[in-house]
Amino acid sequence: YLAFLGRISPEKGPAYAIEIAKKTGQRLVIAAKIDPLDEQYFDAFIEPLVDGEQISFIGEIGHKAKVELLKNARALLSPSQWDEPFGLVNIEAMACGTPVVAINRGSMPEIIINNKTGYLCSNIDEMIDSIDRIDMINRFDCRKHVEENFSSGLMAERYLKVYNQLVTS
């Protein structure tokens, strides 16, 4: 199955994730929070497409369930329609060895190595096309990329370096 994880809102692109699943014939599991502001969007655009078979909505999940969801998914879909400043779910997916198929905007090119840890796509059609190639991504490369670039220790060191530069300048 493919996974969509995060928050139900138009800018996160869950309707596009559903479109990708339907056009590729893949199952999609959506694990997402619905904020009160986005309940009407969910009711109008997402819930009618959830059939419990090809498209499943399991709601907001905890850490253990998130790890299970991600490690067993073929890919995480990240069809964000805005310039995501970081996109932690993409890091979490790769930490589980799961490649990410994303729209190439915001921080995505800083997080995903195109053709190595996932696919950076210009549009939804490219995301659809990339699903046929998802098994070419080595899941160990995804995990290794996170360990080498996004571990908590490494990130803390980088923050300290920036803070020290700010203090001494």
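User: What does Ser56 touch, leaving out residues up to four places away in sequence?

Analyst: In this predicted model, Ser56 touches Leu28, Val29, Ile30 and Val50. Ser56 itself is found in strand S3, residues 55-57.

User: Why does Ser56 count as buried?

Analyst: The cut-off for buried is under 20% relative accessible area. Ser56 has 12% relative accessibility, so Ser56 counts as buried.

User: What makes Gln26 buried, and where does Gln26 sit?

Analyst: Gln26 is in the loop between helix H1 (14-24) and S2. At 18% relative accessibility, Gln26 is under the 20% limit and therefore counts as buried. Apart from neighbours within four places in sequence, Gln26 is in contact with Leu2, Ala21, Gln54, Arg74 and Ile131. One of these, Gln54, is 28 residues from Gln26 in sequence, and the C-alpha atoms of the two are 7.0 Å apart.

User: Why is Leu49 called partly exposed?

Analyst: Buried needs a value under 20% and exposed a value over 50%. Leu49 has 33%, which lies in between, so Leu49 counts as partly exposed. Leu49 is in the loop between helix H2 (39-46) and S3. Leu49 touches Ile18, Lys22 and Ile55, if residues up to four places away in sequence are not counted.

User: What makes Asn115 exposed?

Analyst: The relative accessible area of Asn115 is 51%, and exposed means over 50%, so Asn115 is exposed. Asn115 is in the loop between helix H5 (108-111) and strand S6 (118-121).

User: Why does His145 count as buried?

Analyst: The relative accessibility of His145 is 9%, under the 20% limit, so His145 counts as buried. His145 lies in helix H7, residues 139-149. With neighbours within four places in sequence left aside, His145 is in contact with Met94, Ile111, Ile113, Thr117 and Phe150.

User: Which residues of H4 and H7 meet?

Analyst: Ile91, Met94 and Ala95 in H4 meet Cys142, Arg143, His145 and Val146 in H7. By class, this contact has five nonpolar, one polar and one charged residues.

User: How do you know that the buried residues of H3 are on the same side of the helix?

Analyst: In helix H3 (residues 63-72), Lys66, Leu69 and Leu70 are buried. They cover an arc of only 90° around the axis, which puts them on the same side of H3. In an α-helix there are 3.6 residues a turn, so residues three or four places apart point the same way. The buried residues of H3 pack against strands S1 (2-7), S2 (28-33) and S4 (75-78), and against H4 and H7.

User: Which residues have the most contacts inside the largest nonpolar core?

Analyst: That core has 46 residues, and Leu28, Leu77 and Val101 have the most contacts inside it. S2 gives the largest share of this core, five residues.

Terms used. Residues are numbered from 1 along each chain as its sequence is written. This is a predicted model: local features need pLDDT of at least 70, side-chain atom pairs count only at pLDDT 80 or more; totals for chains, interfaces and linings use all residues. Side-chain values use heavy atoms; hydrogens and water are left out. Helices (H or I, at least four residues) and strands (E, at least two) are DSSP runs, numbered from the N terminus. Buried means under 20% relative accessible area, exposed over 50%, partly exposed in between (1.4 Å probe, protein chains only). Contact means heavy atoms within 4.5 Å. Ala, Val, Leu, Ile, Met, Phe, Trp, Tyr, Cys and Pro count as nonpolar, Asp, Glu, Lys and Arg as charged, and the others, Gly among them, as polar. The arc is that of the directions from the helix axis to the C-beta atoms. A nonpolar core is a set of buried Ala, Val, Leu, Ile, Met, Phe, Trp, Tyr and Cys residues joined through side-chain atoms within 4.5 Å.
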